[in-house]
Amino acid sequence: MINQFIIDTFAGVLPEWLIALMTGVTGAVGVLLFALSCALAAIWIERKLIGRMQIRYGPNRVGPKGLLQPIADAIKVIGKEAITPFGVDKVVYAAAPLVIFIPALLTFAVVPFAPGAALLNVDIGVLFVVAVGALGVMPIFMAGWASNNKYSLMGAMRAIAQTVSYEIPLVLSLVGLVLMAGSFKMEDLVLYQIENGWFLLLQPLAALIFFIAASAELNRTPTDIMEGESELAAGYHTEYSGFKFSLFYATEYTHVFAVSALISTLFLGGWGTGPVLDQVPAIIWFIAKTYLLFCVFVWTRATLPRLRIDQLMAFAWKFLLPLSLVNIMLVAVLVELNLPGIVVFAVNAVLAVVLIKGWAGLLSARGATVEQRVYIRPAAAQ
Amino acid sequence: MAGTNTGSPVFDRIMTTVTSGSALAQAIQGSFPTAVTEVYSTAVVLDASAIVGVCGYLKDAPDLAFDYLADLTAVDYIDYFEVVYQLLSMGRNASATLKVRCQGRKALAVPSVTGVWHAANFLEREVYDLFGIDFPGHPDLRRIMLFEGFPGHPLRKDFLEFDHRTIAAAAQERE
Amino acid sequence: MVTANPFLVNMGPQHPSTHGVLRLRLVLDGEKVLNVEPVLGYLHSSKEKLQEEHTYLQTVPITDRMDYLAAMSNNLGVALAIEKLAGIEAPERAQYLRVIMAELQRVASHCFAQAVFLQDLGAWGGPLMYFLREREQVLDIFEMVCGARLTYNYIRPGGVSQDVPPEFLPAVHGFLATFPKKLDEYEGLLTKNEILRARTVGVGVISRELALSAGFSGPMLRGSGVDWDLRKQDPYCVYDRFAFDVPLGHVGDCYDRFMVRFYEIRESLRILHQALEQLPPGEWKTPVPIVIRPPAGEAFQLIESPRGMLGYYLVSDGGAAPWRFHVRAPSFLNLGALNEMLVGSTVADVVAIVGSIDIVMGEVDR
């Protein structure tokens, strides 16, 4: 909107490259501010929500309802001593927290907040997201390797194994969307959903796979093995303190937020409102969906235990990967048949349930024997 | 139990049978005629050299089956040290107490029973640490509570003066 | 198979999931544990030596500090041992109160054990605090009874320190009325959770033979299927007057131990119901001299604490202070076979297995 204003005002007055620069800078600053304020809000929401889930109040001292708590935290953490441990690789150690911020922010560049309101409305938006998402593991490995700490190194090793594995089902789950919409462009995907219904309904299997695979890259429970507080102290950022730590911390939330924004764009119709309530501005819809998804992430984090690394990898390779391949085939057939949306939804939903149930039953032969364990023996047996 | 029963149901009262010293001595003397040196009402005192054999026998004999080492500790009686073994038989629900005495205050040694019960591993290390009794045959006899080089053995009766400076110096030397 | 050079990691004494100050020297090949050596003693305060300087009555509060999550059980153990040594009989009401306190303590301790175990598995969000909330209710009841929330010094030789206040019975009844429903809820949330099962089933298996040989006790022993609960096998106090079952595990893995604790909470509630019903009026304490001078001799008393068989071995020389005061700490022995349990598993399993042992370092190091 601002950019449109700039273009309208200065068109013809200033040379074209200057206008491009100006719009670029304002857009970038806008997205940056949005992402950072979202991260701050996310910290508050998560602390408050988890507090409520844990029968606590959560932050309630600084500002009304504790709203200023993230800011107070930020000030505190900046004021802390930045300790550089002995024996670290100084350059890499210092660079990692800076680098880690970039992929999380870059994702926001291609997310359309409202019609025409994407910073980069590139034709290959989906590919861009995937490429940037994979970048996120590099600074984690930098931090883990440079810290000269075994816990950090183990955290980094786990992070790489995990991200590489989960990248594959993540990409494959998106192929179905592209097949259906016939475009890599984020905006086209949203427009397609507004026309034909959300991809969450059209491709529930892909939505589930994407949700799991994306959350696996966020290092939050149940898949926070690269951090794994009870195992690896703090994983790759064990040795970071003060401001450097706060960058890792803020990035985590920015990242969750970026993924929430992505899922709401790709599967929940982005800014689209569905049949009703068109008078609410599109960007409000988008932000509401994003925050709702964020709350889902908080919920899973507060409930589930953590998986072990081999189980996590097995889950990616044995469960998500085959299912996403099946999903692609299915979608290709459905697209070829050109069925109406409601039929596609019905077929996909039924098949998703069957596949998940069947595959899970094949994989876990363990469940049955556990059910048979009786802990109170009958009196005769004792 | 004290007091009167207030109408509550009393179930079949099972209790752990405490094996009397004489019965224990009789059982042991069948296979180890010279092992038992003294017999008390609920305990027998054994010769240190026989302890491993006797323990193995008590564990493996089907009518004794003391498969569980409930406790192993030592007592400093000034003239001698007494290592006390509390055995349990989970199958028979019976208990027994064995004792071994080491005369004097130096070069104390009792053969280790880690080969019989795994539980003796930590317990013997604790006694070694706090009493200074050696357990030949123990696979990994090191101090367990205190650091290597700690001066003295605290649970001995002659360990009276807690000298911070000596201990601090020992700790420093270790570093 | 890719192998790396084995490297040594010190897990603890400062580590989020070593339950205090346990230190494990792990030799790792990547994620796999090749060797483990527990290093103890960081909390050693020579409590056994301290006790030799105190009168028998004064030894009770020091036992509070050993297993600080089950101080009532510790009090009970030492009180019974001193009574055995000095030939004191506690009145019936005191016996019932002791059982009630010990079972409430078992509920509280098991709740805490479950909470911390779940935290070790990574479910640090909801389940942890739910269990702590229930434990808090028990602590409130204890506070009502004796004024302390963690170190009670309530059960003493000759009885208990004071009678329970009138609001005690309604409070316990209220707890017993609400708690089982919540327990069902937690069980529904947790025991059928696929991730929890994946993390615990078949992990840290202890065979029956190892459990016996290594001197395991409590849920560690019963998780491996050994039917040994001192409340049944050698009932002290008035445990022979209550109907309850002993939950037994099947395989001896972390899941079994976890479930055994769940069921033990339920059995404790059953005992509590019966004990409250039968609680007789009368004296809660027999007169005992302030300085007890038991005849020369020795006494070994075992009780079933939440963590296992807690034993007190007292030797008296006829004087006012014990000549020797030894504690058979269940956590100490339950740690004894870590090598057998951990080698071959992964780092994540180390945390799960150590969490399932439910150690209290105050008791291990004494």
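This is a predicted model: local features need pLDDT of at least 70, side-chain atom pairs count only at pLDDT 80 or more; totals for chains, interfaces and linings use all residues.

Mentor: Setting aside neighbours within four places in sequence, Ile133(B) is in contact with Ala74(B), Phe81(B), Val83(B), Cys102(B), Leu108(B), Val110(B), Val127(B) and Tyr128(B). Now zoom out: the largest nonpolar core counts 267 residues, and Ile133(B) is among those with the most contacts inside it, along with Phe210(A), Phe257(A), Leu87(B) and Val350(C). The top contributor to this core is helix α4 of chain C, residues 92-121, which puts in 18 residues.

That brings us to where chains B and C meet. Here 33 residues of chain B are in contact with 40 residues of chain C. On the chain C side, the elements giving two or more residues include α4, α1 (47-51), β6 (297-305) and β8 (324-328). Strand β7(C) supplies the largest share of that side, four residues. By class, the chain C side splits into 18 nonpolar, 11 polar and 11 charged residues.

Chain C also touches chain A, in a contact that takes 31 residues from chain A and 37 from chain C. Among the chain A elements giving two or more residues there are α2 (16-53), α14 (282-303) and α15 (309-337). The chain A side has 13 nonpolar, six polar and 12 charged residues.

One last stop within chain A: in helix α6 (125-135), Gly125(A), Val126(A), Val129(A) and Gly133(A) are buried. Looking down the axis of α6(A), these buried residues fall within an arc of 105°, so they line one face of the helix. Their cover includes α5 (101-110), α8 (150-181), α9 (186-196) and α13 (242-266) of chain A.

Methods: Residues are numbered from 1 along each chain as its sequence is written. Chains are lettered from A and ligands numbered from 1 in the order in which they are written. A residue is buried if 20 or more other C-beta atoms lie within 10 Å of its own, exposed if 12 or fewer, and partly exposed in between; C-beta atoms are placed from the backbone. The arc is that of the directions from the helix axis to the C-beta atoms. Two residues are in contact if their C-beta atoms, placed from the backbone, lie within 7 Å. Ala, Val, Leu, Ile, Met, Phe, Trp, Tyr, Cys and Pro count as nonpolar, Asp, Glu, Lys and Arg as charged, and the others, Gly among them, as polar. A nonpolar core is a set of buried Ala, Val, Leu, Ile, Met, Phe, Trp, Tyr and Cys residues joined through C-beta atoms within 7 Å.
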